[in-house]
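Hi there,

Here is the structure I promised to pass on. Have a look when you get a moment, and my notes follow below.

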Amino acid sequence: MKVLVINCGSSSLKYQVFNMSKEEVLARGEIERIGIDNPRSRYEKMGAKEGLKEALIEKVISNHKHAIKFAVDNLVNEEDGVIKELNEIKAVGHRIVHGGENFFSSVIIDEEVLKVLERCSNLAPLHNPPNIAGIKGTQEIFANSVQVGVFDTAFHQSMKKKSYLYGIPYELYEKYGLRKYGFHGTSHKYVAKRATLLLEKPLSELKLISCHLGNGASICAIDKGKSVDTSMGFTPLEGVVMGSRSGDIDPTIVTFLQEKEELSTKEINELLNNNSGVLGLSGVSNDFRDLQLEANKGNQRAKIALDVFVYRVVKFIGSYIMVLGGVDGLIFTAGVGENSPYIREKIVDYLNYVGVKIDRNKNQIKGEEKDISTQDSPFRVLVIPTNEELMIARETVELYNWKFGDKN
Ligand code: ADP
């Protein structure tokens, strides 16, 4: 069965086609600068000699539906396409950022679901509208396929009130849905499942702490396969210090800056989302590779930015060990977690107190699945590359089979 996975950002479309009988990617692509000038396209048929094809698109790609049409032209292309006709795509999985309190799991998208998603848009005004545009465009173009929504927030809907409520008047939670939602749920769920293979135990017997450390970063406490707490909150701005996002700050800093620097709401959002984090601290970059190079050359602000990042991650790990009442596996995933032996070592150094150590040789791996802890460690430290697209494709097939039976 062939499944298309779609991830629509405000001005981008990422897509992958899977052959789910072998769980293999057949092709992947990306269209950037939708609705603005000079749109770009990347497309790759896996295993093809030409590899990744990058091109400037001559015309303006006016909206997400237009971008999906453009993607389809690549997918059916005689030379390096992977489908002959659109009917081969039985189901389309959509990454949806915010499902509010409405979705505990992935869903088949119908008119009712679309209405609920539109209502959730005020919780994620930058993310949900393009997600919805992608769904509507796909519904028209792949009219015979089933559309499935997979939410970043759904995995965290298992959190209890004591984890997700903020210490603000309860009426504001009731009126506006002001609470912690958590994000990266698809990634945390995926790596938790993979951890069962490395730890040779079912999820029902495991307490896990998953560290998704990429440009955006979040930590999740997982008990028996369920998220009990996570560092991101009402939006993906809360939690650890990230590439360019501040993470937790004293909320008074916002009103202080509004007063002293006369910043507008838009400017504050820009400052905290795009100019803060390790970028803002270092003044160098939001890319951890650049920071490490600079720190090695003696740049003190780059070093401090890395120290702050590590320290903030460690504080969450420590608190989640208490929340879970112990831990069996600490998981590192995403760009930094999968590829930076330096950051992993610095984080685990703080855990020596509880006897956890990493094996320096094993820790040298990048982008591989591996237990990197020493044999005598009281719990395991695992590197598990995330694969959100595969997880979306799996959930899509699961719902498709539930609806139509497992004959395809
Ligand atoms: P996102 O999906 O949030 O954009 P990713 O999970 O792709 O982020 O992670 C991107 C980040 O991973 C980059 O900013 C870069 O700092 C980091 N990264 C990638 N490779 C390495 C590496 N070898 N060492 C350190 N950091 C790395």
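What follows is a short tour of the ligand site and then of one serine. Please keep in mind that this is a predicted model.

Let's start with the ligand. Its shell is made up of 13 residues, and the closest are Asn215, Gly216, Asp287, Phe288 and Gly335. By type, the shell divides into three nonpolar, seven polar and three charged residues. Two helices, α10 (288–296) and α12 (334–339), supply at least two shell residues each, and α12 gives the most, with four.

- Phe288: a backbone N or O atom lies 2.6 Å from a ligand oxygen.
- Asp287: an N or O atom of the side chain is 3.1 Å from a ligand oxygen.
- Asn215: a polar backbone atom is 3.1 Å from a ligand oxygen.

As for cover, the ligand on its own has 570 Å² of accessible area, and the protein covers 70% of it.

Now to the serine. Ser227 sits in strand β11, which runs over residues 226–230. Is Ser227 buried or exposed? With a relative accessibility of 0%, Ser227 falls under the 20% cut-off and therefore counts as buried. Leaving aside residues up to four places away in sequence, Ser227 touches Phe155, His156, Ser158, Met159, Cys220, Ala221 and Ile222. With His156, there is also a polar contact between the two side chains, at 2.8 Å. Gln157 is 70 residues from Ser227 along the chain, yet their C-alpha atoms are separated by 7.7 Å.

Best wishes

Note on methods
Residues numbered from 1 in each chain as written. Predicted model: local features only at pLDDT ≥ 70, side-chain atom pairs only at ≥ 80, totals over all residues. Heavy atoms only, no water. Near = heavy atom within 4 Å. Polar contact = N/O pair within 3.5 Å; in protein donor to acceptor, adjacent residues only side chain to side chain. Areas by Shrake-Rupley, 256 points an atom, 1.4 Å probe, with all protein chains shown as cover. Nonpolar A, V, L, I, M, F, W, Y, C, P; charged D, E, K, R; others polar. Buried < 20%, exposed > 50% of the residue type's maximum accessible area, 1.4 Å probe, protein only. Contact = heavy atoms within 4.5 Å.
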